[in-house]
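Here is a short report on one protein chain.

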Amino acid sequence: MESILIVDDDVNLCKVLKEELIEVGYEADYVNNGLAAFGYLRQNRTDLILLDLKMPGMDGFDVLKELKAKKIELKVIVLTAYADVKSAIDSAKLGASDFISKPYDFDELLITIRKVLQRDT
Ligand SMILES: [Mg+2]
């Protein structure tokens with residue numbers, strides 16, 4: 001079973017999205033800030049991160065930079081309310097696989113998740 005980690009400071013979104021992902025057959029969990037994500041990753045096998053960009057403290061861009069610096073090869077879909085072209089380009093440059101805007105459409109998100117998980121890199 002593929003494991004998805006949601007990293008978002010919106011606790012309600014995390015809870016709802018986690019349930020939605022579990023319902024369609026993924027393992028899913030969440031953390032509410034960037035720092036906690038690295039703690040989680042040290043202890044749990046994870047295939048994909050759904051990453052919010054705007055978070056207090058370590059934001060999504062910082063998480064992407066840190067993943068790169070630590071050479072942690074992990075698929076990341078950026079999920080953000082601030083979906084603009086620049087954020088999308090910056091995220092892609094930092095290694096994000098795809099970009100979905102909030103409020104998300106779960107079916108659209110699911111298609112993107114499946115597509116990203118099927119890629120070799
Ligand atoms: Mg946020």
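Which residues of S4 are buried on one side, and which on the other? Lys75, Ile77 and Leu79 are buried on one side. Val76, Val78 and Thr80 are buried on the other. A residue is buried if 20 or more other C-beta atoms lie within 10 Å of its own, exposed if 12 or fewer, and partly exposed in between, with C-beta atoms placed from the backbone.

## Basis

This is a predicted model: local features need pLDDT of at least 70, side-chain atom pairs count only at pLDDT 80 or more, and totals for chains, interfaces and linings use all residues. Residues are numbered from 1 along each chain as its sequence is written. Helices (H or I, at least four residues) and strands (E, at least two) are DSSP runs, numbered from the N terminus.

In S4 both faces are covered, and six of its six residues are buried.

S3 and S4 run parallel, joined by four bridges; strands pair if DSSP finds at least two bridges between them. Leucine 50 stands opposite isoleucine 77 in S4. The chain crosses from S3 through H3 to S4, a right-handed β-α-β crossover (with the strands pointing away from the viewer, the path from the first strand over the helix to the second runs clockwise). S4 and S5 are also parallel, again with four bridges. Here valine 78 has phenylalanine 99 of S5 as its bridge partner.

## The core

The largest nonpolar core has 27 residues. Such a core is a set of buried Ala, Val, Leu, Ile, Met, Phe, Trp, Tyr and Cys residues joined through C-beta atoms within 7 Å. Ile6, Val7, Leu50, Leu51, Ile77 and Val78 have the most contacts inside the core. Two residues are in contact if their C-beta atoms, placed from the backbone, lie within 7 Å. Leucine 50 touches Ile4, Ile6, Val7, Ile77 and Leu79, leaving aside residues up to four places away in sequence.

## Helix H1

The buried residues of H1 are Cys14, Leu17 and Leu21. They cover an arc of only 75° around the axis, so they sit on the same side of H1; the arc is that of the directions from the helix axis to the C-beta atoms. Strands S1 (3–7) and S2 (27–31) are among what covers them. On the other side, Val11, Asn12, Lys15, Glu19 and Glu23 are exposed.

## Backbone details

The peptide bond from lysine 102 to proline 103 is cis, with omega near 0°. Proline 103 is in the loop between S5 (98–101) and H5 (106–118).
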